[in-house]
Amino acid sequence: MDSVRTRFAPSPTGFLHLGSARTALFNWAYARSQGGEFLLRIEDTDLDRSQEEYELAVIEGMEWLGLDWDGEIVRQSERRARHIEATQTLLDTGHAYRCQCSRESVEERKKRDVAAGGPGTYDGRCRDLELGPDCGEHTVRLKLPLEGLIGWEDSVFGSSGQDASQLGDAIIQRSDGTPLYNLAVVVDDIDMQITHVIRGADHQANSVLQMALYDALGAPRPVMAHVPLIVDGAGKKLSKRRNNVSVQQFREEGYLHEALDNWIVRLGWSQGDNEIFTLEDIGRVFSLEGVGRSPAQADIAKLDWLNQHYIKSLTSDDLFERVRPHLERVAGGPVEDSPSLRRLLDLLRERSSTLVEMAELARWQLQDELEYDEKAVKKHLRPVALPLLESLLTAMQALPEWNETALATVFDEVAEAQGGIKLGKLAQPVRVAVTGGPNSPGIFETLEVLGRETSVRRIEQGIAIVRERSEST
RNA sequence: GUCCCCAUCGUCUAGUGGUUAGGACACCGGCCUUUCAAGCCGGCGACACGGGUUCGAGUCCCGUUGGGGAUGCCA
């Protein structure tokens, strides 16, 4: 049996977006699961739209997602001679013909046909004219069968295809002599010996044409597998214009590639009731049978959940390296590695669904000056808290050891001395004093992480705030 | 307009003629608790509609409705 060869063929017209990323992932996964090869081809034939910058962005996105490809990257623009050669072959074998029709006249005839209730396809005016190479400015059209089904057995959608009567002869070479997408794709896929073409369902119509092209070129057809589109909240195909969906943006927003891969693979593919799939799992268990047929909406809440799941499973070193840029943004400068920061990060794992959120939650540790939450201050730094904070401060300063256990003991003693008040009565004012807000990890952990010096300073500062407030009222 | 495709909880989905229609996320409630989370337990919640076929349809067929995609000398 021939070994499987798939490819991902993005056009570098923007950043790698969700839909493309999923197509890439599926192709990668299928190849890996079958012990085959996964190739990368950049479709840069539309020079107007292609930009090197975007090509780099696409590659970067692939690498970030962990989708490694085999062999050298193929650039479609470098294969022009082959495309032109193939067109010539089609011309020589009578599978294609030169067409002199101008855009305007084709357009006009099309309009007329549509008005008459027809399909509005090219009417084949030049089909049998047998125009030679010296016929002046011309395009080249593929000579499609006039009738019969042009179909294939799709691995996802089953019997697919269209009746030839609904199709017009498509242009495969522009009047300036350059090849068009459909021709180039087929020629490249043949030369690259692609065995399975896995791509978005928006290509279904192209596939009809491409099947005819394989036939005309006398080449074996690959297995086709169309994947339902990912749609936005409005049910529309994801668009770069309307939706913020580039993978680098997700990265910047603090999502892990592990989460993104897992999220994406479950958009249109499933395996029983399983939800968690590492890239390694995907490369092992992915199958075309598991691909569904209806479009999927991308749900950020699910991504958030997955992201936290993977954040929890990261090693300490890995986590630190990945949040670091986000921490530094919050800190406004370089952030030093330290045991207490590592400890804080661990405490924050189960409180953060993104790395950005995690850095935000670490703000009180990263900045010298506290940013107070007004509501929290009003609620917890009140006169009643004054004796509490003061006696706590005194007791804390006398502590020989600054750690969680010792702090817990101090809190218990103060709570007892203050008339057996609940721990919460004590903890909240302290929390607001040392973090500026009402939420943080456990108060003992928080204080330990913060260290004696800063904790004491901030509690004193908190006491000052209470005094100030009681004087002004 | 024409062609193609799709249709199970709000979302992602399991389901291949006989199920109390399952899971996950989200949401709601409870437990835990020094806050927020996390965790655990529980709850709400779906087969678009109408015809067939069948002893029996979420599952098969037809139609309707709704949605999407394609209709480029773009990729």
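Which residues does K143 touch, not counting residues up to four places away in sequence? K143 touches G94, H95, A96, Y97, R127, D128 and D169, where contact means heavy atoms within 4.5 Å.

This is a predicted model, in which local features need pLDDT of at least 70, side-chain atom pairs count only at pLDDT 80 or more, and totals for chains, interfaces and linings use all residues. Residues are numbered from 1 along each chain as its sequence is written, chains are lettered from A and ligands numbered from 1 in the order in which they are written, and side-chain values use heavy atoms, with hydrogens and water left out.

**K143 and strand β5**

K143 lies in the loop between β5 (139-142) and β6 (149-154); helices (H or I, at least four residues) and strands (E, at least two) are DSSP runs, numbered from the N terminus. With a relative accessible area of 28%, K143 is partly exposed. Buried means under 20% relative accessible area, exposed over 50%, and partly exposed in between (1.4 Å probe, protein chains only). Between the C-alpha atoms of K143 and Q88, 55 residues apart along the chain, the separation is 13 Å.

In a regular strand the side chains alternate between the two faces of the sheet. From β5, T139 and R141 point one way and V140 and L142 the other way, and all are buried. Two strands pair if DSSP finds at least two bridges between them. β5 pairs with strand β4 (residues 96-99) in the antiparallel sense over 4 bridges, and R98 stands opposite V140. With strand β8 (residues 171-173), β5 pairs in the antiparallel sense over 2 bridges; here R141 stands opposite I171. The charged end of R141 sits over the ring of Y122, 3.4 Å from its centre, the criterion being NZ of Lys or CZ of Arg within 6 Å of the ring centre and within 35 degrees of the ring normal.

**Aromatic pairs**

The whole structure holds 7 aromatic pairs. Rings of Phe, Tyr and Trp (its six-membered ring) pair if their centres lie within 6.5 Å; planes under 30 degrees apart count as stacked, over 60 as edge-to-face and the rest as tilted. Two of the pairs are tabulated.

| Pair | Centre to centre | Angle between planes | Class |
|---|---|---|---|
| F15 and Y54 | 5.6 Å | 75 degrees | edge-to-face |
| F250 and Y255 | 5.8 Å | 65 degrees | edge-to-face |

F15, in the loop between β1 (5-8) and α1 (18-33), and Y54, in helix α2 (residues 52-65), are 39 residues apart, and their pair links distant parts of the chain. F15 is partly exposed at 37% relative accessibility. F250 is buried at 4% relative accessible area, and Y255 is buried at 7%. F26, W269, F277 and F286 form one aromatic cluster.
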